[in-house]
Each structure stands twice: as structure tokens, then as C-alpha cells.
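Me: I have a structure open and I want to learn to read it. Can we go feature by feature?

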Amino acid sequence: MWVGWVAVLLQDIPPAPEPTTGLAAACGEEDPSFICEAVWNRWENERWAELADIVFAKPLKILLIIAIAWLVNRLARRAIASFATSITDDQQATKRIKRRLRGTSLGSRLPASVLATGALDLRAHARAETLGYVLRSIATFVVWTIAVITILGELGINLGPLIAGAGIAGVALGFGAQSLVKDFLAGMFILIEDQYGVGDIVDVGEADGVVEAVSLRTTRLRDVSGTMWHVPNGQILRVGNMSQKWARALLDVEVAYGTDIDQAKQVIKDVADQLWRDPAWAGKVLEEPEIWGVEAVAVTGIVIRLVIKTKPAEQWAMMRELRKRLKDAFDAEGIEIPMPQSTVWVHRDAGSSTESASGDDSTDPEA
């Protein structure tokens, strides 16, 4: 009976595959190379066909992959360089392209600085160079990574464990370098959105000053005392740019309570207009000065607000010049600039000849 069971089991076992011979054995069953197939057809020798495939076919494929990767990388870098140059180029063709983009949906998503057609400045040039460098590095990394993976596949290396290991390493690196990745991403958006650039005067929270350098990882600021601040881009939660496109000189002028307000306003307006028409300052004032009126009724006097729209980063020098001219004009017109004053009440205790200021707790006659 057991003989019958063995016979049944033997019937269920599939027959052993027949050994592969001929062209399939020498060059592979799927997609044999042209050189291997040509050698087999010429001599019908498996060893020679296999040797030709190893010596000639695979190296030629690898060289072809390298050549294609080099060409693609070169074209990509050239296209990126042209794009970066077009951001700051002032040629007529570039201006026409930018004007056409302004009315499209793509143009509405781009920062205004990208579509600007003004004169070339150092800030735009530095931003274009940084963006071009980053994009070229990314393109090079992607192209050659794909090329290396393709070459390993041609060499017969199993890419499954390699890709899985690289994925695990990438996740571990991402967790270990979260702050670094955050800095790089924040730096990319700072450059693309043109939040600030070299030469701008900004306030980033912990520090404020003139931007001397912007990289993908950090921003370098020099404050008014000369201290250099290195601020990681990922830690910049908000930015106050005090020198982008235009600025405003805002001056609150305080006069005494007994002053004629209309006269004071006219004197302030005349001084501001004289500064506006002064050839040394005319190019720095963008619009006619405005008197907004009484801003506050303070403890010491009446506050009148003057505002002047200026070129970027010119507001502080203009306010210093205005204070000097207003002081001279007020002295000439007899307008009083109030000074802090206080009233002291003096009282005398009953039966005592000693006077003491209000609030003094001392009651000793000998004090």
C-alpha cells in the first residue's frame, strides 16, 4: 500500500527543468545583447558569446549610460544658468518675456522681483547666483544618482536591498538632521520669495541689522554696534524688512501747549518741503511730505506727525537732518519745544517750622 502512496507523491513533484543551452545560456533568455548574439550566430560557441558579452557589451552599455547622463546634466545646468541669468538680465528679449508672463497664471505665482524689469543690482545678482547654484547641484545629484542605479542594474547587482538600505539611512539621517533640513528649506523659500537680500536692513527677532550674506543655511547680519550675527534660517519665524522697495521717515514733533498748532504745522511743512526741494536730498524723497496732524496730546506737549516717503534705507539720515532743521526753524519762529516739568507741593506740619515736600515721610524737625 505504501508503494501506491509513494507513486502518488512522485506524480505531484514537477519534473526538473531542462538545462538551458545555446543562445539563451550564453546571452540570457531576456533581451540578449547585440554583440553576444552576433558572436553566437557566427561561431555557435557559448563560452565565446558569454565572454564577448562580458568584455564588450556591458562596458559599452555602461559607457553609453555615462555619456547620456553627462549630456543630460550639461543641458540641465545650461538651462538653469540661462534661467538664473534671465532673472537679472536687462536685455529687451528678457523684458518682453517678463511682460508676457505678468498677465498669465504662471506669472501671478512668481515673486514680483522675478518679473521686475529694473536695473541690475547686487542683491538680485546674488539671489540669482545662489538659486542657480542650488538648482544645478540638485540636477547633478538626481541625474548621476539615476545613472549609478542603472549601471548597477546592468552589472547584475540586486538593487532591492540597496534601495531599502538607502531609504532606511535617509530616514535616519532626516531624523538626526531635522534642524539642518529645516534651515535649508527655509533658506530656499527666503531666496525664492525674495524676503530680503544682501544690503537690506532687517529685523529677524533676536537680531537686527544690515544683511551681509544669505546662504541656504544661515543669514549673516551686522548690527549698528558692529556685531556680526549668524542666524540659522530655520529659526527665523518672522522678518521685518525696513529697506525693501521704499521706506518712510516718520517724525513725531512735540510742541508746547501754548503753541499755535496751525502755525507749528505750517513751519514743519515748510521745513519738510525745503528738504524735498534741496538738490542734495531731492533724489531720496519719493513723494511730497505730508503732515498727518495732531498724533497725541502728551503729558509735556502736543505731538504733530510728519511723514516722508523715501528711498530704501534713507529714512534715518533724513529724520536726523529734519530734526536739525526743525530746531533751527522753531528757534527762529519762537516756537517752544517742551521740556519735562513737574510741580512740587510744599507743606508744613502743624506746630513745626520745618517745610517738607509732599510725599516725604520724614516728620523729625531736626531732619
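Reply: Start with strand pairing. Two strands pair if DSSP finds at least two bridges between them. Keep in mind that this is a predicted model.

Me: How many bridges join strand E1 to E5, and in which sense do they run?

Reply: Strand E1 covers residues 201–203, and two bridges join it to E5. The two strands run antiparallel. For one partner pair, look at Val 202: its bridge partner in E5 is Asn 241.

Me: Which order do the strands take in that open sheet of five?

Reply: The order is E4-E3-E2-E1-E5, with antiparallel pairing. Strand E4 (228–232) and strand E5 (240–241) stand at the edges. Each has a single partner strand, so one side of each is left without a neighbour in the sheet.

Me: What is the order in the open sheet of three strands?

Reply: That sheet reads E6-E8-E7, again with antiparallel pairing. E6 and E7 are its edge strands, and each pairs on one side only. Ignoring direction, neighbouring strands of this sheet are turned by 25° against each other on average.

Me: How many bridges join E6 to strand E8? And over how many do E7 and E8 pair?

Reply: Nine bridges join E6 to E8, which spans residues 302–310. E7 and E8 pair over six bridges. Now find Val 303 in E8. Glu 254 stands opposite Val 303. Ala 296 also stands opposite Val 303.

Me: How far apart are Glu 314 and Ala 249, in sequence and in space?

Reply: They are 65 residues apart in sequence. In space the distance is 8.1 Å, C-alpha to C-alpha. Glu 314 is found in the loop between E8 and H11. At 23% relative accessibility, Glu 314 counts as partly exposed.

Me: Where do Glu 288 and Lys 269 sit in the chain?

Reply: First, see that their side chains meet in a salt bridge, at 3.1 Å from N to O. The pair links distant parts of the chain, 19 residues apart. Glu 288 is in the loop between helix H10 (261–277) and strand E7 (290–297), while Lys 269 is in helix H10.

Me: Are those two buried or partly exposed?

Reply: Glu 288 has 43% relative accessibility, so it counts as partly exposed. Lys 269 has 17%, so it counts as buried.

Me: What separates Asp 328 and Lys 324 in helix H11?

Reply: Helix H11 covers residues 315–333. Asp 328 and Lys 324 are four residues apart in it, so about one helical turn separates them. Their side chains meet in a salt bridge at 3.8 Å, N to O. Asp 328 is partly exposed, at 43% relative accessibility.

Me: Which salt bridge does Asp 331 make?

Reply: Its side chain meets that of Lys 327, at 2.5 Å from N to O. Asp 331 and Lys 327 are also four residues apart in helix H11, so they too are separated by about one helical turn. Both are partly exposed: Asp 331 at 48% relative accessibility, Lys 327 at 39%. Salt bridges can also share partners. In that way Asp 252, Glu 295 and Arg 305 are joined into one network.

Me: Last, pockets. How much space lies in the second largest pocket?

Reply: About 280 Å³. Among its lining residues are Tyr 133, Phe 141, Leu 180, Met 188 and Leu 216. Helix H7 (122–154) and helix H9 (178–192) are the elements that give two or more residues to the lining.

Me: How do the lining residues divide into nonpolar, polar and charged?

Reply: Ten are nonpolar, one is polar and none is charged. Ser 137 is also one of the lining residues.

Terms used. Residues numbered from 1 in each chain as written. Predicted model: local features only at pLDDT ≥ 70, side-chain atom pairs only at ≥ 80, totals over all residues. Heavy atoms only, no water. Salt bridge = Lys/Arg side-chain N within 4 Å of Asp/Glu carboxyl O. Buried < 20%, exposed > 50% of the residue type's maximum accessible area, 1.4 Å probe, protein only. 1 Å grid on protein atoms, 1.4 Å probe; cavity = no way out; pocket = protein on both sides within 12 Å on 5 of 7 lines; lining within 4 Å. Points joined across faces, edges and corners; volume = space filled by probe spheres on them. Nonpolar A, V, L, I, M, F, W, Y, C, P; charged D, E, K, R; others polar. Axes fitted to C-alpha atoms, helices over the stretch in contact; angles between N-to-C directions.
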